[in-house]
Amino acid sequence: MPGDSRTPNHLGRREGGMHGNTFEPIRIPAWVWDRDETRDILRNRDVAGLFRLAVKYAGASQVRLSAATGIAQGRISQIMRGQRQVTDLEVYQRIATGLGLPDHARMLIGLAPLDITSPTGDHGEEHQEQNEELRIRIETAATIDTTMVAILFTETNNLRLLDRRLGGVVIADKMRAHISQIQRAHRHAIRPGIRARLAHVLSETAALAGWQAIDHCVLSDAWDYHETAISAAREADDPALLAYAQGQQAYVLIDLGRPAEAAELLRHIRHTYDRRVPAHLRTWLAAAHAEAAAVLGDETTTRTALDQAAALLPEGEPDPNLPYVALNAHHLARWRGNCLVRFGDPETIEDLRSALAGMDGTFNRAEAGLRCDLAHALLATGEPEAARPHLHRAEHLATMIKSRRHGRRIAELKRAAAHALR
């Protein structure tokens, strides 16, 4: 394991204490922070690079890094392998504290100094460099106009289409880079109108990334992305964006095994925003509420919410100013079948077949889920042979888009089908 007693660096053994207690503070030599390589790591907010410095110069194991920063060891391992990124400011604060970053290093990574009475110390040139970098970022953000905001929004929609067809894993690097670009522009934008438009794009993009994380069963990342989306929606002063991001975050609670809290959250969102958002989004919120209630086993609330969704669904396409909502009669039929299959409703199969017949062939994730629901319903009515082709197609789609969420459900249904065929 990286950073254990086999680490060859003699400086790490002398300075850090290779066999120290797990909770012993990590002490990186002061001169390390003045190296050009370290400064680049800090400027780039390269957390994996920071952790490697702690391993190399302080002999820190992943267990000690976890204890010092409050980040789970498994996540630290993923960060060091480049499989996970840190985006939350509070996490950067914990890392800076845990690794003992001096004030000039904290400022390079974008954090406030601890010694606010004497923030400059002996690093005047370095701080001047930081000031120059800030000036450049603000000047760069000042070049963003409504046309460039529209380009960023178009890129979000392009990524949405790729996600629909290929899955979030395939475009994960593009998503992270796109969100980072929007965040940099938004953080340094001065003009209120442009800043609000960038907040709108950031909210929609972070909500998309949050759903991709749910699909990949990385629920902590999903929660963080939705928190970003919610915060940006508040700055954009857009109740539709806010209701959508909060409503979608409820699915993190469902997948965490907390459907009662998800149902309560969705009930609160509907009560708060039901008269303030357009009908398509009200329909979406009602259907999401029904799904949370179905997972909870509350058939009465499920049916009531589904009936409300059907009554609310307007004709025509959603308002383009809404957050992204793909919802029509066929989508709602799929949603209804997904909910009622849990209660053995005999009409479920026809609902699901109708939804499948009207499905747009580009919604690969949605089709995988629909075929899972149809297989589930067929198994419940004692038709395992009829369920098998739907499971085969669902498995093909889930593999293509690398959906762990659907993959787990398919595995359960295949076991049930095999048992029924014995």
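Me: In which loop is Asp237 found?
Reply: The model is predicted, and Asp237 has a positive phi of about 55° in it although it is not a glycine. Most residues other than glycine have a negative phi. Asp237 is found in the loop between H12 and helix H13 (239-255).

Me: Is Asp237 buried or exposed?
Reply: The relative accessibility of Asp237 is 67%. A residue counts as exposed when the value is over 50%. Asp237 is therefore exposed.

Me: Which residue in the loop between H11 and helix H12 (219-236) is Cys217 to be compared with, and what is the phi of Cys217?
Reply: Cys217 lies in the loop between H11 and helix H12 (219-236). The residue is not a glycine, yet its phi is positive. The phi of Cys217 is near 65°.

Me: How does Cys217 count by relative accessibility?
Reply: Cys217 has a relative accessibility of 23%. Buried means under 20% and exposed means over 50%, with partly exposed in between. Cys217 therefore counts as partly exposed.

Me: How many helices does the protein chain have?
Reply: The chain has 422 residues, of which 49% count as buried. Its secondary structure includes 0 strands. The number of helices is 21.

Me: What share of the residues score a pLDDT of at least 70?
Reply: Over residues 1-20 pLDDT stays under 50, and the model has 42 contacts for them beyond four places in sequence. The protein chain averages a pLDDT of 85. The share of residues that score at least 70 is 91%.

Me: Are H16 and H17 roughly parallel or roughly antiparallel to each other?
Reply: Helix H16 (residues 299-312) and helix H17 (residues 329-340) pack with their axes 11 Å apart, at an angle of about 175°. Angles over 145 degrees count as roughly antiparallel. H16 and H17 are therefore roughly antiparallel.

Me: Which residues in H17 are met by residues in H16?
Reply: By class, the contact of H16 with H17 has 6 nonpolar, 1 polar and 3 charged residues. On the H16 side are Thr302, Arg303, Leu306, Asp307, Ala309 and Ala310. On the H17 side they meet Leu332, Arg336, Cys339 and Leu340.

Me: How many charged residues are in the contact of H11 with H21?
Reply: Trp211, Ile214 and Asp215 in H11 meet Arg404, Arg405 and His406 in H21. Of these residues, 2 are nonpolar and 1 is polar. The number of charged residues is 3.

Me: How far apart in space are Pro192 and Ala236, C-alpha to C-alpha?
Reply: Pro192 has its place in helix H11 and is exposed, with a relative accessible area of 68%. Pro192 and Ala236 are 44 residues apart in sequence. In space, C-alpha to C-alpha, the distance is 9.8 Å.

Me: Is His289 buried or exposed?
Reply: His289 is found in helix H15 (residues 279-296). Beyond its neighbours within four places in sequence, His289 is in contact with Ala263, Leu266, Arg267, Arg270, Thr301 and Ala305. Its relative accessible area is 6%, so His289 is buried.

Me: How far apart in space are Phe363 and Asp46, C-alpha to C-alpha?
Reply: Phe363 is in the loop between helix H18 (348-357) and helix H19 (364-380), and at 13% relative accessibility it counts as buried. Leaving aside neighbours within four places in sequence, Phe363 is in contact with Arg164, Tyr324, Ala326 and His331. Phe363 and Asp46 are 317 residues apart in sequence, and in space their distance is 36 Å.

Definitions and conventions
Residues numbered from 1 in each chain as written. Predicted model: local features only at pLDDT ≥ 70, side-chain atom pairs only at ≥ 80, totals over all residues. Heavy atoms only, no water. Axes fitted to C-alpha atoms, helices over the stretch in contact; angles between N-to-C directions. Helix = DSSP H or I, 4+ residues; strand = E, 2+ residues; numbered from the N terminus. Parallel < 35°, antiparallel > 145°, perpendicular 65-115°, else oblique. Contact = heavy atoms within 4.5 Å. Nonpolar A, V, L, I, M, F, W, Y, C, P; charged D, E, K, R; others polar. pLDDT = per-residue confidence, 0-100. Buried < 20%, exposed > 50% of the residue type's maximum accessible area, 1.4 Å probe, protein only.
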